[in-house]
Amino acid sequence: MTEIDYISIASLNQYNYCPHRCWRMFCAGEFVDNQYTIEGTSLHDRVHTLGDSHREETWQVRAIWLKSDRYGLIGKADLIEEQDGRIYPVEYKRSAKGDFANDELQVCAQALCLEEMTGQIIDRGYVYYCQSHQRQLVELTPELRNLTMGSIASVRKLLGTGKMPKPIYTSRCQGCSLQSQCLPKAASKVTKYRED
């Protein structure tokens with residue numbers, strides 16, 4: 001594989017949240033900051049301080065690049081922990097837990113890379129939600145692994161074709177920094193106008 005063939009682990013999260021947002025970010029190269037993205041960037045700047053440490057019986061390594069030739073993935077892990085000889089990824093998010101699977105999918109993709117890099121089978125990971133100061137267990141079930149594989153294929157197709165998915169308005173749009181670019185409500189109004 002060439003470097004072009006690798007897709008960003010973060011793009012899987014964005015695609016699962018909104019395919020149109022993923023297209024804007026990873027195909028069109030568009031990105032606009034808002035309060036939420038600035039808070040997230042600030043959090044990751046702190047989290048991505050390269051280093052390792054021990055916390056009681058847990059060894060922690062921050063800001064490690066992950067790569068999988070098998071799945072064509074590349075990305076940076078916020079935190080990798082090792083306890084009792086078992087490793088697992090921990091992804092940091094600024095918000096509270098949402099109703100969507102995009103964060104769990106990102107953790108699963110990190111685990112797929114770690115499995116290939118270490119030869120270990122990884123059965124869990126975590127998402128740390130800063131708003132609630134809680135870790136959410138992510139069990140790497142066959143269903144989550146299949147969802148991740150499907151997302152990898154979808155993102156690879158999106159990047160390969162460059163075809164823009166239609167913007168669809170949902171509750172997720174309310175906090176999206178790219179809402180003013182895609183105008184999801186306007187797209188549906190234009191369609192209705194043409195039909196009338």
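**Cavity, hairpin and helix**

Colleague: How much space lies in the largest cavity?

Modeller: This is a predicted model, and the answer carries that caveat. The structure holds one cavity of 30 Å³ or more. The space within the largest cavity comes to about 40 Å³.

Colleague: Which strand gives the most to the lining of the largest cavity?

Modeller: The residues that line the largest cavity are R86, I87, Y88, Q120, I121, I122, D123 and R124. Sorted by class, this lining has four nonpolar, one polar and three charged residues. The element that gives the most to it, with three residues, is strand 5 (residues 86-93).

Colleague: In the hairpin of strand 3 and strand 4, which residue takes a positive phi?

Modeller: The hairpin has four residues between the strands. The positive phi found there is near 70 degrees, and the residue that takes it is G72.

Colleague: Is helix 2 mostly covered or mostly exposed?

Modeller: A residue counts as buried when its relative accessible area is under 20%. In helix 2 (residues 19-26), H20, R21, C22, W23, R24 and M25 are buried. With six of its eight residues buried, helix 2 is mostly covered.

Definitions and conventions
Residues numbered from 1 in each chain as written. Predicted model: local features only at pLDDT ≥ 70, side-chain atom pairs only at ≥ 80, totals over all residues. Heavy atoms only, no water. Pairing = 2+ DSSP bridges. Helix = DSSP H or I, 4+ residues; strand = E, 2+ residues; numbered from the N terminus. 1 Å grid on protein atoms, 1.4 Å probe; cavity = no way out; pocket = protein on both sides within 12 Å on 5 of 7 lines; lining within 4 Å. Points joined across faces, edges and corners; volume = space filled by probe spheres on them. Nonpolar A, V, L, I, M, F, W, Y, C, P; charged D, E, K, R; others polar. Buried < 20%, exposed > 50% of the residue type's maximum accessible area, 1.4 Å probe, protein only.
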